[in-house]
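Work through these exercises with the structure open beside you. Try each task before you read its solution.

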Amino acid sequence: MKIGNLKIEGHAALAPMAGVADRALRELCVSYGASYVIGEMASSKGISMQDRKSASLLQLSEAERPAGVQLFGDDPQIMARAAEMAMAYAPDFLDINMGCPAPKVAGNGGGSALMKRPELAAEIVEACVRAVPVPVTVKMRIGWDETQLNAPYLAKLCAQAGAAAITVHGRTRVQMYAPPVHTDRIREVKQAVHIPVIANGDVTDGVSAKEMLEKTGCDFLMVGRGALGRPWVFEQISAYFDRGEMLPEPPIEEQMRVMLSHVEKICAYKGDYIGMREARKHAAWYIRGIHGAAAFRSRIGALSSLEELYALARDVIRAAQ
């Protein structure tokens, strides 16, 4: 697949997930074969006002490329200014968020709220395309609710405004993350435009990845929650597409090793205090579905040091034997 002049190899990318898909997770997923990653969404207003917290979300490392940055907002001029400023971080492409369902984003006109104002959304795309030398992409949902399933129309406008690719999460904003994923609606977007369309929603392994492509006819895949606690999902998807091989879940010892490596990265990048608090949600994802997981959740909720996490990992391995 090509996003503008950017050639993408492989089969699936890591979705931008606020508060989750940070540098540590992005680098880890790339090591398992994620084709590209996108940073956590950053406020265009925050960037344009030189807010340090917003700017930190734009930082990319060489270990995670190809990589894009993602902006949200509802003002074309501010979005274009932020996009221009984001180029200081040398992203390979710029993504515009038109899918976030969070009230603090959509309630202020950004994210999925832009789907209710498609002409404004297209103005934002056009302004950003003019402002930056890299490809501009869009991530959207299938619509605001069941009465406003306008993703094909919005996709056409975005493509006409210069978007190089579109990712579609097969749910409405009202659905949030509840089932089902409407693959037929994603297919309608693919049929509406001539630029690459990436399908997103409940891809968790090689089988679901192949089914998503077959049902939607899309050019590529994006994995979000399916990678939480399971960064090796990208390796599983590649094995299924490339060799028809269904890789099993790694042994519990390997899962715990990956978890420890992941959290060590978080602490290295953000410090132990923040890192260990963020580690709690990741540890809960890593032990999800394993034997005795319920008994470990209270310990996970109180984690405050790497030593406690090492001890937890040892106990999880023992319990699974």
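Two strands pair if DSSP finds at least two bridges between them. Helices (H or I, at least four residues) and strands (E, at least two) are DSSP runs, numbered from the N terminus. This is a predicted model, where local features need pLDDT of at least 70 and side-chain atom pairs count only at pLDDT 80 or more, while totals for chains, interfaces and linings use all residues. Residues are numbered from 1 along each chain as its sequence is written, and side-chain values use heavy atoms, with hydrogens and water left out.

**Exercise 1. Find the residue in β7 that stands opposite glycine 68, then describe how the chain crosses from β6 to β7.**

Step 1. Go to strand β6, residues 67-72. Its pairing with β7 is parallel and has four bridges.

Step 2. Look across from glycine 68. Phenylalanine 93 of β7 stands opposite.

Step 3. Trace the chain onward from β6. It passes through helix α4 (residues 76-86) and reaches β7. This β-α-β crossover is right-handed. The term means that, with the strands pointing away from the viewer, the path from the first strand over the helix to the second runs clockwise.

**Exercise 2. Which strand pairs with β7 over five bridges, and are the faces of β7 covered or open?**

Step 1. The strand is β8, residues 136-143, and the pairing is parallel. Aspartate 95 has threonine 137 of β8 as its bridge partner.

Step 2. Buried means under 20% relative accessible area, exposed means over 50%, and partly exposed lies in between (1.4 Å probe, protein chains only).

Step 3. Check one side of β7: Phe93, Asp95 and Asn97 are buried. Check the other: Leu94, Ile96 and Met98 are buried too. Both faces are covered.

Step 4. Count along residues 93-98. Six of the six residues in β7 are buried.

**Exercise 3. Describe the pairings of β11 and where its side chains point.**

Step 1. β3 and β11 run parallel, joined by three bridges. Here alanine 12 has leucine 221 as its bridge partner.

Step 2. Strand β10 (residues 197-200) also runs parallel to β11, again with three bridges. Isoleucine 198 stands opposite phenylalanine 220.

Step 3. Follow the chain from β10 over helix α9 (residues 206-216) to β11. These elements make a right-handed β-α-β unit.

Step 4. Phe220 and Met222 point one way from β11, and Leu221 and Val223 point the other way. All of these are buried.

**Exercise 4. Which residues does the salt-bridge network around Lys270 join?**

Step 1. Side chains of opposite charge can pair when their charged atoms come close. A salt bridge is a side-chain nitrogen of Lys or Arg within 4 Å of a carboxyl oxygen of Asp or Glu. The count by this rule is 18.

Step 2. Aspartate 22 and lysine 270 form a salt bridge at 2.9 Å, N to O. Aspartate 22 lies in the loop between β3 and α1, lysine 270 in helix α11, and they are 248 residues apart.

Step 3. Glutamate 278 also forms a salt bridge with lysine 270, the closest N and O atoms being 2.8 Å apart.

Step 4. Shared partners join Asp22, Lys270 and Glu278 into one network.

Step 5. Compare accessibility. Aspartate 22 is buried at 4%. Glutamate 278, at 19%, counts as buried. Lysine 270 is partly exposed at 30%.
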